[in-house]
Amino acid sequence: MTQPPSYPTPPVGGPPPAAGGVVPPSPHPQGYAVPPQYAPPGYAVPPGYAPPGYAPPHWYTGPPRPVTPPPTLSPGGQPLASFSDRLLAALIDAAVFMAIGMVLAVPAVIIFLIVVMPDLVQVTPDGTVREPDFLNDFLVPMLWLDLAIIVVSIVISYIYHVEMMFKTGQTLGKKMMKLRIVPLDPARTLDRRAAAKRYLVQQGTGLVPGLSYLDGLWQLWDKPWQQCLHDKAARTVVVKVSG
């Protein structure tokens, strides 16, 4: 009895042998690159079919992930403060001064009324009310009161922006936003002279209409240290700190 011919055993997962014992070649030999036009959406290119240098199309890999740029560093290696952080710190400082102004306004009004009201309602010996002298009885005391408030405000502002900055490099707003004023030269320390110069330039820009806005916005295009005009005058930068 004649035995049937034997055929080679095909590899696992490979194509069945053809008649005569010949195994047909693989439809995708090693190194075969699938043309992009034949790859439907979602098709994953097998590793064995991707030759060196083959880049999958974007619809397979997805859009590139945005790379977060590293923070810009000061000459001392600390991250520079962002515009939003500095703006919030300035708003907090403005709110502090508004609260201080309200605290000062209450006793000032009380003192003004105690000093001025008796002169406004003076009664003559014959029982009639004396007509008040507007200049001496009202306007002059009001001007003295305004002058006293201005002097007190300047003193408080100097202590707040110069002495606090000189000692700690921070106002209350900067402390809450974790910011600190440091010299541009990392080998130096912030002294009272630089703090006073920074304060005077910052306050002086407010005397010219629109210049204070230019001073604050200068940080947005200043490179590389993101300084405002008063920073440039005092050679300081504002950095982000841990606490």
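**Exercise 1.** Is valine 140 buried, partly exposed or exposed?

Solution. The structure is a predicted model, in which local features need pLDDT of at least 70, side-chain atom pairs count only at pLDDT 80 or more, and totals for chains, interfaces and linings use all residues. Residues are numbered from 1 along each chain as its sequence is written, and side-chain values use heavy atoms, without hydrogens and water.

Step 1: the classes are buried (under 20% relative accessible area), exposed (over 50%) and partly exposed in between, with a 1.4 Å probe and protein chains only.
Step 2: valine 140 has a relative accessible area of 30%, so this residue is partly exposed.
Step 3: valine 140 lies in helix H3, residues 134-168; helices are DSSP runs of H or I with at least four residues, strands are runs of E with at least two, and numbering starts at the N terminus.

**Exercise 2.** Classify threonine 205 and list its contacts.

Solution. 
Step 1: a relative accessible area of 7% makes threonine 205 buried.
Step 2: the residue belongs to helix H5, residues 192-205.
Step 3: with neighbours within four places in sequence left aside, threonine 205 is in contact with Leu211, Ser212 and Asp215, where contact means heavy atoms within 4.5 Å.
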